[in-house]
Amino acid sequence: MSTPTTLSGLTYWVKTFGCQMNFHEAERVSGLLEAQGLLPVGRAAEADVCVFMTCCVREKADTHLAGQVSAMASAPAPPSGRRTVAIGGCIAQRDANNVRKSMPRADIAFGTQALPRLPELIVQSREGKPGSLVVDVEEPYDAFSADLPQRRAHAWRAWVPIMYGCNNFCTYCIVPYVRGRERSRSSRSILAEIARVRANGAREIYLLGQNVNSYGHDLGGEPSFAELLREVALTGVERVRFTSSHPKDLTMETLDAMAEEPAIMPHLHLAAQSGSDRILEAMGRRYRKDDYLALAREAHARVPGIALTTDLIVGFPGETEEDFQATLDLVDEADLQGAYTFIYSKREGTRAARMPNQVPSEIAHERLERLAEAVRRVSAKAHASLVGSKVEVLVEGPSKRGEGILVGHSPENFTVHFPLPEGARAEELAGSIVDVEVKDARSFYVQGEIAGEAR
Ligand code: SF4
């Protein structure tokens with residue numbers, strides 16, 4: 001790609017909403033722009049180019065985004081005198097034509113497949129008439145963002161996409177419409193990327209995909225996800241994690257790989273979404289509650305000490321009190337250690353948006369509170385069980401809990417806070433692995449003290 005000289009020396013800022021795939025793509029946006037000579041800045045107000053990587057899974061994120069983009073209109077002029085606002089990711093892909101109406105300050109709408117063309121779109125916009133919208137939402141669905149340059153947010157962690165898109169069409173979800181069908185990357189290209197990021201300091205690899213368990217189906221099934229996971233573990237990387245997992249595609253081979261390869265972290269995030277068979281069927285999830293519980297039992301039996309977490313939705317159309325109770329019961333029955341809880345968010349273009357019996361907001365909110373309480377209880381119990389033990393923590397950096405406090409995660413993905421040892425510097429410890437003696441537990445994290453040397 002030829003370097004558009006007009007971009008060199010401009011400043012840029014990227015804001016990310018949503019999932020890990022968006023965080024990964026934001027790193028690619030940064031890498032791509034820096035390869036064209038743009039310089040990163042920490043605040044939108046200082047940037048000539050502002051990029052918003054958007055998510056359309058939840059309505060709240062849409063509203064938040066529109067507010068932030070409209071604030072750009074009153075921000076002070078950037079160094080070049082002209083600010084370009086680009087909207088990327090799922091919202092741009094789904095709704096490019098609405099971007100003009102809902103975000104009049106936007107200059108560019110680029111879809112999930114247009115990422116490699118962003119520098120050209122910026123040039124086109126800056127050379128064009130102010131106030132006009134440049135749109136690129138072509139859908140060839142064959143580009144892999146992993147082939148683009150990258151500027152990783154943290155040297156010690158690398159998001160590595162192994163597949164794109166989803167074939168499942170859960171009735172509430174927009175992903176298959178904005179990211180296309182499943183396409184797996186070759187294991188050769190994945191392993192080559194892992195070798196590269198490891199050489200640059202990555203100690204934790206996060207394998208990404210909308211449905212990682214079905215990795216490789218489009219490549220003739222070889223390697224399977226479990227086989228790929230073992231290959232990644234054998235590269236010598238210290239920590240391997242993966243997300244997202246669909247229960248219908250989780251195999252026993254994957255659980256066995258987790259049990260047998262010490263580098264694969266004992267944490268499984270397996271989205272149940274509901275505990276009611278009726279609602280699971282309406283969601284198009286293609287498993288029943290008993291199937292989920294059987295997988296949870298297998299996970300606990302095969303992978304000693306595993307932490308099992310999930311996603312749960314309340315207020316799906318037609319959800320009765322009885323259905324909701326089945327979801328509440330699942331929290332205990334599956335022996336969960338944590339869960340993300342959501343109110344069903346109506347997304348235009350999905351089948352669920354046209355379903356009758358949408359649940360009134362006050363009922364959905366009341367159910368969410370009861371569910372959150374159940375999750376808090378099991379999560380507190382899981383965290384309390386760590387008190388008195390030593391956990392191995394990958395240090396991420398300063399914690400938001402206060403001055404001089406660091407944060408990191410245990411192998412099971414429990415959040416661990418601990419004070420910075422005397423004489424040590426937070427930036428030097430970030431990316432190292434330390435043992436932390438757990439002294440105290442809260443509902444969603446533990447606190448402790450470093451015991452021993454950082455490595
Ligand atoms: S599995 Fe279902 S919820 Fe997950 S991305 Fe695919 S369609 Fe969406």
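Guide: Helices (DSSP runs of H or I, at least four residues) and strands (runs of E, at least two) are numbered from the N terminus. This is a predicted model, where local features need pLDDT of at least 70 and side-chain atom pairs count only at pLDDT 80 or more, while totals for chains, interfaces and linings use all residues. Residues are numbered from 1 along each chain as its sequence is written, and side-chain values use heavy atoms, with hydrogens and water left out.

Visitor: Is Asp-335 buried, partly exposed or exposed?

Guide: The cut-offs are under 20% relative accessible area for buried and over 50% for exposed, with partly exposed in between (1.4 Å probe, protein chains only). Asp-335 has 39% relative accessibility, so it counts as partly exposed.

Visitor: Which other non-glycine residue has a positive phi, near 75 degrees?

Guide: Look in the loop between strand E16 (405-409) and strand E17 (415-419). With a phi near 75 degrees, it is Asn-413.

Visitor: Back to H11: how far apart are its end C-alpha atoms?

Guide: The expected span is 1.5 Å times one less than the number of residues. H11 has 13 residues, so it should span 18 Å, and the distance between its end C-alpha atoms agrees: 18 Å.

Visitor: Which elements are included in what covers the buried residues of H11?

Guide: The buried residues of H11 include Phe-324, Leu-328 and Val-331. An α-helix has 3.6 residues a turn, so residues three or four places apart point the same way. The cover over the buried residues includes helix H9 (277-283), helix H10 (289-302), strand E13 (307-314) and helix H12 (361-384).

Visitor: What's the relative accessibility of Ala-272?

Guide: Ala-272 sits in the loop between strand E12 (267-269) and H9. Counting contacts as heavy atoms within 4.5 Å, and skipping neighbours within four places in sequence, Ala-272 touches residues including Leu-280, Tyr-292, Leu-312 and Leu-330. Ala-272 counts as buried because its relative accessibility is 0%.

Visitor: Which peptide bonds are cis, going by the omega values near 0 degrees and about -5 degrees?

Guide: Most peptide bonds are trans. The cis bond with omega near 0 degrees runs from Thr-243 to Ser-244, and Ser-244 is in the loop between strand E11 (239-243) and helix H8 (252-260). Pro-223 is in the loop between strand E10 (204-208) and helix H7 (225-233). The cis bond with omega of about -5 degrees joins Glu-222 and Pro-223.

Visitor: What backbone oxygen does the side chain of Thr-11 reach?

Guide: Thr-11 is in strand E1 (residues 11-16) and counts as buried because its relative accessible area is 10%. Among the residues it touches are Leu-38, Val-41 and Pro-79. At 2.9 Å, the side chain of Thr-11 reaches the backbone oxygen of Glu-46.

Visitor: Which residues does Ser-30 contact, leaving aside neighbours within four places in sequence?

Guide: Ser-30 is in helix H1 (residues 20-35). Its relative accessibility is 8%, so it counts as buried. Its contacts are Tyr-12, Val-14 and Arg-151.

Visitor: How do the residues of the shell around the ligand divide, or rather, how many are nonpolar, polar and charged?

Guide: The shell takes residues with a heavy atom within 4 Å of the ligand, among them Cys-166, Phe-169, Gln-210, His-246 and Arg-285. Here Ala, Val, Leu, Ile, Met, Phe, Trp, Tyr, Cys and Pro are nonpolar, Asp, Glu, Lys and Arg are charged, and the others, Gly among them, are polar. The shell divides into 7 nonpolar, 3 polar and 1 charged.

Visitor: Last one: what distance separates the centres of domain 1 and domain 3?

Guide: The bounds, from an automatic or database domain assignment, are domain 1 (5-136), domain 2 (145-384) and domain 3 (390-450). Taken over C-alpha atoms, the centres of domain 1 and domain 3 are separated by 34 Å.

Terms used:
Polar contact = N/O pair within 3.5 Å; in protein donor to acceptor, adjacent residues only side chain to side chain.
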